[in-house]
Every structure is written in structure tokens, then in C-alpha cells.
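This report covers one protein chain. It starts with the overall fold and then turns to selected helices and side chains.

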Amino acid sequence: MSESFREFVVQRSPALSRTAYLLTGDHQLAEDLLQSALARTYRHWRRIRDGDPEAYVRRVMYHQQVSWWRRRRVAERLDPMPAERGGGDHTDATALRLSVVAALRRLTARQRAVVVLRYYEDLTEAQVAEVLGCSVGTVKRHGHDAVRRLRELAPELLERTPERSER
């Protein structure tokens, strides 16, 4: 295994693992998705290492997840993310995390992918379009539809945003 690939995996796996979890909603599936994406990435490492390998892995994960989803067509079950470790009361953080997970579950796979990449991974619309292999207009449409749907189905999240809390 090349040393540059090994360094990439060590440095970027935690962030990529979180993205995989948000795409799949299941810890074991997320591990499988990331492992599969990294295996595909390794096969093409010489070609992509000088570009943006993280974007390549994200694209592979998204396409692999859509492929799995199409094959299975089974209702997805999102488990809540574990609470952060440490002392103190994490009730509010856990309640928010559960609300976010439940809200994400209500979106289509593509809407969820746009929301995760755009707002969780903080990618630009152009970067999301590149990862998903679609146009910027498609990203905007899915993002708009997802936000509208979240406002309808999970209004409690609006009350938890920093802008609303400061008022």
C-alpha cells in the first residue's frame, strides 16, 4: 500500500465515516460503505492522489449508497448517533441529535445527500454537484425541496437554530 494513501486514510477516515453514516443511517452499513469506497479509491490512487481524493471518495460513497438503496428498496432505519463522551448532562444535545436523524429519515436519498454534503460537510453547491455527478441547478432544487420539507415535517428544528435562539 502506498504511504500517501495510508496517510490519506488515517487523516480523513473520521470525517468520511461520519458522512457515510449520514448517508446510510446505520453504523455497520457506513463502515461497509466507507471500506468499499476506499478500496475503489485505492485502485485509482495514482490517478487521483494529486487532485481531490476526498471528493472522489465522497462521490464513490454516494453512488455506492444509491446503488445499494436501489437494490434493496427497503425502508431505511436511522439509529441515533451516540452522544459525545464526557461528563455533564447531554439531554439537549441528544434530543437535537434524535430530531435531526428523524428529520433526515423523512427525506429522499438524494435530498439527504444534498443536505449532508451541503450543510454538514459544508461543501459549496458546485462541489456538491461534482460529488453527486449532477448540475448545480439539480443540487439547488434538491436542497430547496429538502429544506421546505424539513420545515413542514420538523418545525421543532427551526426553534433550535442559532439565529432563532439569539432572538
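## Burial and overall fold

A residue counts as buried when its relative accessible area is under 20%. The model is predicted. By that cut-off, 38% of the chain's 167 residues are buried.

The secondary structure is made up of nine helices and zero strands. From the N terminus on, the order reads α-α-α-α-α-α-α-α-α. Among contacts with a separation of 6 or more, 61% join residues 24 or more positions apart.

## Glu 121, between two helices

Glu 121 sits in the loop between α6 and α7. Is Glu 121 buried or exposed? Its relative accessibility is 15%, and the limit for burial is 20%, so Glu 121 counts as buried.

Which residues does Glu 121 touch, leaving aside its neighbours within four places in sequence? They are Ala 15, Thr 19, Arg 58 and Val 116. With Arg 58 there is a polar contact, side chain to side chain, at 2.4 Å. Arg 18 lies 103 residues away along the chain from Glu 121, yet their C-alpha atoms are separated by 9.4 Å.

## Gln 64 in α4

Helix α4 spans residues 53-72 and contains Gln 64. This residue is buried, with a relative accessible area of 9%. The side chain of Gln 64 makes a polar contact of 2.9 Å with the side chain of Arg 40.

## Helix α6 against helix α8

Helix α6 covers residues 109-120, and helix α8 covers residues 136-153. Their axes are 9 Å apart and meet at an angle of about 95°. That angle makes α6 roughly perpendicular to α8.

From α6, the contact takes in Arg 110, Gln 111, Val 114, Val 115 and Tyr 119. From α8 come Thr 138, Val 139, His 142, Gly 143, Asp 145, Ala 146, Val 147 and Arg 149. By class, the contact of α6 with α8 has six nonpolar, four polar and three charged residues.

## The buried face of α7

Helix α7 runs over residues 125-132. Its buried residues are Val 128, Ala 129, Val 131 and Leu 132. Viewed down the axis of α7, they fall within an arc of 165°, so they line one face of the helix.

Just after α7 comes Gly 133, with a positive phi of about 70°.

Conventions:
Residues numbered from 1 in each chain as written. Predicted model: local features only at pLDDT ≥ 70, side-chain atom pairs only at ≥ 80, totals over all residues. Heavy atoms only, no water. Axes fitted to C-alpha atoms, helices over the stretch in contact; angles between N-to-C directions. Helix = DSSP H or I, 4+ residues; strand = E, 2+ residues; numbered from the N terminus. Parallel < 35°, antiparallel > 145°, perpendicular 65-115°, else oblique. Contact = heavy atoms within 4.5 Å. Nonpolar A, V, L, I, M, F, W, Y, C, P; charged D, E, K, R; others polar. Buried < 20%, exposed > 50% of the residue type's maximum accessible area, 1.4 Å probe, protein only. Arc of directions from axis to C-beta. Polar contact = N/O pair within 3.5 Å; in protein donor to acceptor, adjacent residues only side chain to side chain.
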